[in-house]
Amino acid sequence: MLELEVKDFNLKQTLECGQVFRFGKISDTEYIILNKSNIAHCIQKDSKLFITSNNEDKSFWENYFDLNTDYRYIKEVLSKDKIMKQIITYGNGIHILRQDFEEMVISFIMSQNKQIPQIKQCIELYCKKFGEKISFQNKEYFSFPNIKNIPTLEELKECKVGFRDKYLLDAITKINDGYFNNIKILSEKEQEEKLLLVKGIGPKVCNCIMLFGLNNTKRFPIDVWIKRKMQDLYFEGKEVSNLEIENKAKELFGDFKGFAQQYLFYAGISKVI
């Protein structure tokens, strides 16, 4: 068992703020987490995080949970805005996970126009169909697929992805062809351009992939809900464009826009704003 020291970290808030889908909740302080072929049984007790895993590399999990980033400083900067200061109090233990890029591409293409339980179901079916079986703590799990043979549209439809089957096929084909091989060393603009050429990836999904799969915390994904809340909180309820919201987020939150988005999202799903 691994024992990690954690600061400004809350396991529940981090997992339940919309950035990750492959986890199972046992209690507010105990979860099963899956990342590619890595499985972890995590328990938080105050400033300690206890992890039992098929991957006992401590540095891997420290990186995954982003434990070496100074979140206290980030919250201090964001709290200069009085509205965000209040929002942060509801999710002040959120960390942005450092997740696998290809897993984020597939997951967020699946996420379009779906609620979180539906997204989790699609991903679970996808993993069962194409992933490798893994035994862990006397239970059966499946890795996130590393697909070597391109699936058919019919096979993808069996994962209940609906109209997204064609988008997924394009993304999987591009992954296999090496389309994304150098994406982590490209400029931010080049990364964005490359992602937007994939079928089914628009600005919102692109920003999610860059925030959660490339750890670009300057990205501010805007969905219908975020747009509504930003309008209510910062534009006196007036209808404005996504560009105006993006510019306001940049003005208020600077390079920490991605963190602000997660605090805002979590406060919203917790129904406190």
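# Questions on a predicted model

Biologist: What is the relative accessibility of R98?

Modeller: In this predicted model, R98 counts as partly exposed.

Biologist: Which residue forms a salt bridge with R98?

Modeller: The closest N and O atoms of the pair are 3.0 Å apart. The pair links distant parts of the chain, 32 residues apart, with R98 in the loop between α4 (82-88) and α5 (101-110) and its partner in the loop between α2 (58-64) and α3 (71-78).

Biologist: Why does the salt bridge between E5 and K48 tie together separate parts of the chain?

Modeller: The closest N and O atoms of E5 and K48 are 2.4 Å apart. At 51% relative accessibility E5 counts as exposed, while K48 is partly exposed at 25%. E5 lies in strand β1 (residues 2-5) and K48 in strand β5 (residues 48-53), so the parts tied together are apart in sequence by 43 residues.

Biologist: Which residues does L78 touch beyond its close neighbours in sequence?

Modeller: In soluble globular proteins, nonpolar side chains tend to be buried together. The largest nonpolar core here has 65 residues, and L78 is listed with M84, I106, Y126, L195, I201 and Y263 as touching the most other members. Apart from it lies another core, of 19 residues, among them V6, Y31, A40 and F65. Leaving out residues up to four places away in sequence, L78 touches M84, I88, F253, F256, F259, A260 and Y263.

Biologist: Is α5 roughly parallel or antiparallel to helix α10 (residues 203-213)?

Modeller: The axes of α5 and α10 are 9 Å apart, and the helices pack at an angle of about 150°. An angle over 145 degrees puts a pair in the class that applies here. That makes α5, relative to α10, roughly antiparallel.

Biologist: Which residues of α10 meet α5?

Modeller: α5 passes α10 in a right-handed crossing. On the α5 side the contact involves F101, M104, V105, F108 and I109. On the α10 side the residues are V205, C208, I209, F212 and G213.

Biologist: How many of the 11 residues of α10 are buried?

Modeller: The buried residues run through V205, C206, N207, C208, I209, M210, L211, F212 and G213. What covers them includes α5, α9 (188-196) and α13 (257-269). α10 is largely enclosed by the rest of the structure, because the buried count is 9.

Biologist: Which residues of α13 make the contact with helix α11 (residues 224-234)?

Modeller: The axes of α11 and α13 come within 11 Å and cross at roughly 95°. That makes α11 roughly perpendicular to α13. From α11 the contact uses W225, I226, K229, M230 and L233. From α13 it uses Q261, L264, F265, G268 and I269.

Biologist: How far apart in space are K271 and D232, C-alpha to C-alpha?

Modeller: K271 lies in the segment after α13. At 75% relative accessibility, K271 counts as exposed. K271 and D232 are 39 residues apart in sequence, and their C-alpha to C-alpha distance is 14 Å.

Biologist: Which residue with a positive phi follows α10?

Modeller: Most residues other than glycine have a negative phi. The phi of the residue that follows α10 is near 55°. That residue is N215.

Biologist: What is the phi of N138?

Modeller: N138 lies in the loop between β6 (133-136) and β7 (139-142). It counts as exposed at 85% relative accessibility. Its phi is positive although N138 is a residue other than glycine, with a value near 65°.

Technical notes. Residues are numbered from 1 along each chain as its sequence is written. This is a predicted model: local features need pLDDT of at least 70, side-chain atom pairs count only at pLDDT 80 or more; totals for chains, interfaces and linings use all residues. Side-chain values use heavy atoms; hydrogens and water are left out. A nonpolar core is a set of buried Ala, Val, Leu, Ile, Met, Phe, Trp, Tyr and Cys residues joined through side-chain atoms within 4.5 Å. Buried means under 20% relative accessible area, exposed over 50%, partly exposed in between (1.4 Å probe, protein chains only). Contact means heavy atoms within 4.5 Å. A salt bridge is a side-chain nitrogen of Lys or Arg within 4 Å of a carboxyl oxygen of Asp or Glu. Helices (H or I, at least four residues) and strands (E, at least two) are DSSP runs, numbered from the N terminus. Axes are lines fitted to C-alpha atoms, for helices over the stretch in contact, and angles run from 0 to 180 degrees between N-to-C directions. Angles under 35 degrees count as roughly parallel, over 145 as roughly antiparallel, 65 to 115 as roughly perpendicular and the rest as oblique. A crossing is left-handed if the near helix is turned anticlockwise from the far one by less than a right angle, and right-handed if clockwise.
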